[in-house]
Amino acid sequence: MKHLDETMIAMLQRQQAQQTQENAAAGKTWQDFAEVKLDQPFVQVGRETLSFQRYALFEDQLSLVMPSMFKPMTPQMAALKYPSERRPQLIYTNALSTINVAFNHTATPVRGREIEEFTQGITQILRRTQKILKWYGDGVVQSPNAAVGYCEFVTPVMNGSIYNFMFFLSLEGRALMCTFNCLDQEMNDWRPVAKSIMASLRMTDKDAPSDLRESGQGGAEV
């Protein structure tokens, strides 16, 4: 009985700690996610010194900042890493294909005001269908011109585990799902970068206010 009581207490403590962490995450502002200044000439990420640049995506309707070494994943590599035919439409990756940022503009109708409900639905599905080793939190934040949902968690793979940071927004009235992932041993170095990539998001959608539109140019602008 004593062992059972100790087990129950430990379980309750873990649940309370997780709830506290999720509540703290839910209170974040957009600026809180910019943990790394990606507009510097060089950024130290673990043992690597990297440069970053702004990438224009989906016919210049949005842009964000990623490492300049990231390149679009080849169709052959994408088929290996994402065996499902429902793989992301666009995947940027490093030379070893161990760190990825994937984008999938789905057919699911979602308006900006519906992002919170959409995020709740996605997180429920993930927690019900995926083997989650650790759930770091989820929520919705307001960018300068769009509501953005997010969640972050760790899942197991054959030889270890993967850190995932996902964020969601409405683009042309449909859900755009963006996913950063890396190996768990690189998570401490890349987790703040993943959040900062999201925080660098700029909408250039035709429905955005004119003073918030970007020129749509790619290149090294940050």
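Modeller: Rings of Phe, Tyr and Trp count as a pair if their centres lie within 6.5 Å. The model discussed here is a predicted one.

Colleague: Which residues do ring pairs link into a cluster?

Modeller: The structure holds nine aromatic pairs. Some of these rings are joined through pairs into a cluster, and its members are F33, Y150, F165 and F167.

Colleague: Is the pair of F165 and F167 stacked, edge-to-face or tilted?

Modeller: The ring centres of F165 and F167 are 6.2 Å apart, and their planes stand at 45°. Planes under 30 degrees apart would count as stacked and over 60 as edge-to-face.

Colleague: Are F165 and F167 buried or exposed?

Modeller: A residue counts as buried under 20% relative accessible area. F165 has 0%, and F167 has 2%. F165 is therefore buried, and F167 is likewise buried.

Colleague: Where does T155 lie, and which side chain makes a polar contact with its side chain?

Modeller: T155 is placed in strand β9. Its relative accessibility is 11%, so T155 counts as buried. Leaving aside residues up to four places away in sequence, T155 touches K131, I132, L133, S161, I162 and N164. The polar contact of the T155 side chain, at 3.2 Å, is with the side chain of N164.

Colleague: Which element gives the most to the lining of the largest pocket?

Modeller: That pocket holds about 1,200 Å³ of space, and 34 residues line it, with Y82, Q130, N164, M166 and T179 nearest its centre. At least two lining residues come from each of β7 (100-109), α3 (115-129), β9 (147-157), β10 (160-171) and β11 (174-183). With six residues, the element that gives the most is β7.

Colleague: How many residues of that lining are charged?

Modeller: The lining of the largest pocket includes 17 nonpolar residues and 13 polar ones. The charged residues number four.

Colleague: Is E35 buried, partly exposed or exposed?

Modeller: E35 sits in the loop between α1 (2-26) and β1 (43-45). Its relative accessible area is 42%. Buried means under 20% and exposed means over 50%, so a value in between makes E35 partly exposed.

Colleague: What distance separates the C-alpha atoms of E35 and R191?

Modeller: Not counting residues up to four places away in sequence, E35 touches K28, P192, K195 and S196. E35 and R191 are 156 residues apart along the chain. The separation of their C-alpha atoms is 9.4 Å.

Terms used:
Residues are numbered from 1 along each chain as its sequence is written. This is a predicted model: local features need pLDDT of at least 70, side-chain atom pairs count only at pLDDT 80 or more; totals for chains, interfaces and linings use all residues. Side-chain values use heavy atoms; hydrogens and water are left out. On a 1 Å grid over the protein atoms alone, a cavity is a set of points where a 1.4 Å probe fits but cannot get out, and a pocket is an open set with protein on both sides within 12 Å along at least five of seven lines; lining residues have an atom within 4 Å of a point. Grid points are joined across faces, edges and corners, and a volume is the space filled by probe spheres set on the points. Helices (H or I, at least four residues) and strands (E, at least two) are DSSP runs, numbered from the N terminus. Ala, Val, Leu, Ile, Met, Phe, Trp, Tyr, Cys and Pro count as nonpolar, Asp, Glu, Lys and Arg as charged, and the others, Gly among them, as polar. Buried means under 20% relative accessible area, exposed over 50%, partly exposed in between (1.4 Å probe, protein chains only). A polar contact is a pair of N or O atoms within 3.5 Å; within protein, one must be able to donate a hydrogen and the other to accept it, and residues adjacent in sequence count only if both atoms are side-chain atoms. Contact means heavy atoms within 4.5 Å. Rings of Phe, Tyr and Trp (its six-membered ring) pair if their centres lie within 6.5 Å; planes under 30 degrees apart count as stacked, over 60 as edge-to-face and the rest as tilted.
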